[in-house]
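Please look over the sequence and the structure shown here before reading the briefing.

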Amino acid sequence: MIGQLGRIRVAIFSAVAVGLAAGRPGPATAHLVSTELGPFYDGAAHPLVSPGDLLTIVALAIVAAFGGAAAGRRLVVSLAIAWTTGLVIGFAFLASPFDLPIPTAVVILLLGVAGLVRLRVPAAVLVPVTVGSGLMRGIANGAAARSAEGSWLAVAGVVTGVLIVGVLLTGGGAWLVRRRAEVVLRVAGSWIAAISLLMIGWWIRG
Amino acid sequence: MRRRVPCLTVLLVPLVCAGSAFAHGGEAGGFVTGLVHPVSGLDHIAAMIAVGLWGAQLRQPAIWILPVMFPLVMALGAFLALVDLGLPGVEIGIALSAVALGAAVLLEARPPLAVATLVVSVFAVFHGQAHGTELPGDQDALVYSMGFVVSTGLLHATGIALGTVRHLAHGPAAVRGLGGVILAGGLAFVWTALK
């Protein structure tokens, strides 16, 4: 039995849901030129549509999950700061695209294996790895944005995207650990390790 | 729980109603190519489903360890092939994997976990050797690899899901029957590979 406040809450939520459904949006294209916020949304979506960026964040989140909520918070903060720093460096100073696919793949491979074996990586190791990874990916993103004649709005979008994705993934990882569903993280770690091993092989083959 | 339902509804409705968003169509194509590749051969499908079936028969922790080791060691096999460390008789090895894993399911073999993991891993190397070098020229390697590994994992999950029928009446016999089908298929694959 819900009280009056509960009924009001249900009514409000239902109205919002109906309103969203009724105002059914049409197809969403990736570049919202007309709103002039397109570059920001491009940047914000970038961590999700860039496989290298996404795998980096996922791998770090998996390892942080086994270290508890404190490790997750450290990860989000250090990753955001490092990625932002890298973005600024890449966007402001690098004239051509820059990427380090093999160091990225090696780090992701090691993180994936660490996740598979449920290794509790100490903060003294995880934070520097996070900072290094964030810097690498940030510089790559910033240089790519500059090469594509992007704007600082896009850079701001990427920072926002990394922050949001990082929070969601570390939160999800911590939730799974609390629910004793660590096997999901271990399976994900193994898949990530396998993907990065293939990547390294393809790069060596050329 | 009652309070969470309206919140979840609000979150889900926009997802259902939103139109299509196409951010990066090219990379999606590479992912799909990788996703489709492991299902391009019956011998691969049979072996990967057999891993899931066998894991389901062996229960915890094999039910997740075997399907975890297979993609990982398969990737190692692919890596070795990519750096020109190929093994001989790859097609025979793949065919034999269907025979061995099918037989394991049919006979409900229950070796120690380490032995089961080793068996799965040995055969996974052959599968990786066969598949790992087949990257279409116009596809992104990373995205292709992601699709490839995810597809392999999903095939194992299919085998595990099929293996859960062992909880039903006549379920264990049905699972063993599936193992027999895979074994028969494996023998056919060996025959084809030897011809």
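This is a predicted model: local features need pLDDT of at least 70, side-chain atom pairs count only at pLDDT 80 or more; totals for chains, interfaces and linings use all residues.

Residues are numbered from 1 along each chain as its sequence is written, chains are lettered from A and ligands numbered from 1 in the order in which they are written, and side-chain values use heavy atoms, with hydrogens and water left out.

**Chain B**
- Chain B has eight helices and one strand, arranged from the N terminus as α-β-α-α-α-α-α-α-α; helices (H or I, at least four residues) and strands (E, at least two) are DSSP runs numbered from the N terminus.
- Of its 195 residues, 48% are buried, where buried means under 20% relative accessible area, exposed over 50%, and partly exposed in between (1.4 Å probe, protein chains only).
- Among contacts (heavy atoms within 4.5 Å) in chain B between residues at least 6 apart in sequence, 85% join residues at least 24 apart.

**Ser78(A)**
- Ser78(A), in helix 4 (residues 69-93) of chain A, counts as buried because its relative accessibility is 11%.
- A polar atom of the Ser78(A) side chain lies 2.6 Å from the backbone oxygen of Arg74(A), and one lies 3.3 Å from the backbone oxygen of Leu75(A).
- Apart from neighbours within four places in sequence, Ser78(A) is in contact with Val127(A), Thr130(A) and Val131(A).

**Val117(A)**
- Val117(A) is in the loop between helix 5 (101-116) and helix 6 (123-147) of chain A, and counts as partly exposed because its relative accessibility is 48%.

Terms used: A polar contact is a pair of N or O atoms within 3.5 Å; within protein, one must be able to donate a hydrogen and the other to accept it, and residues adjacent in sequence count only if both atoms are side-chain atoms.
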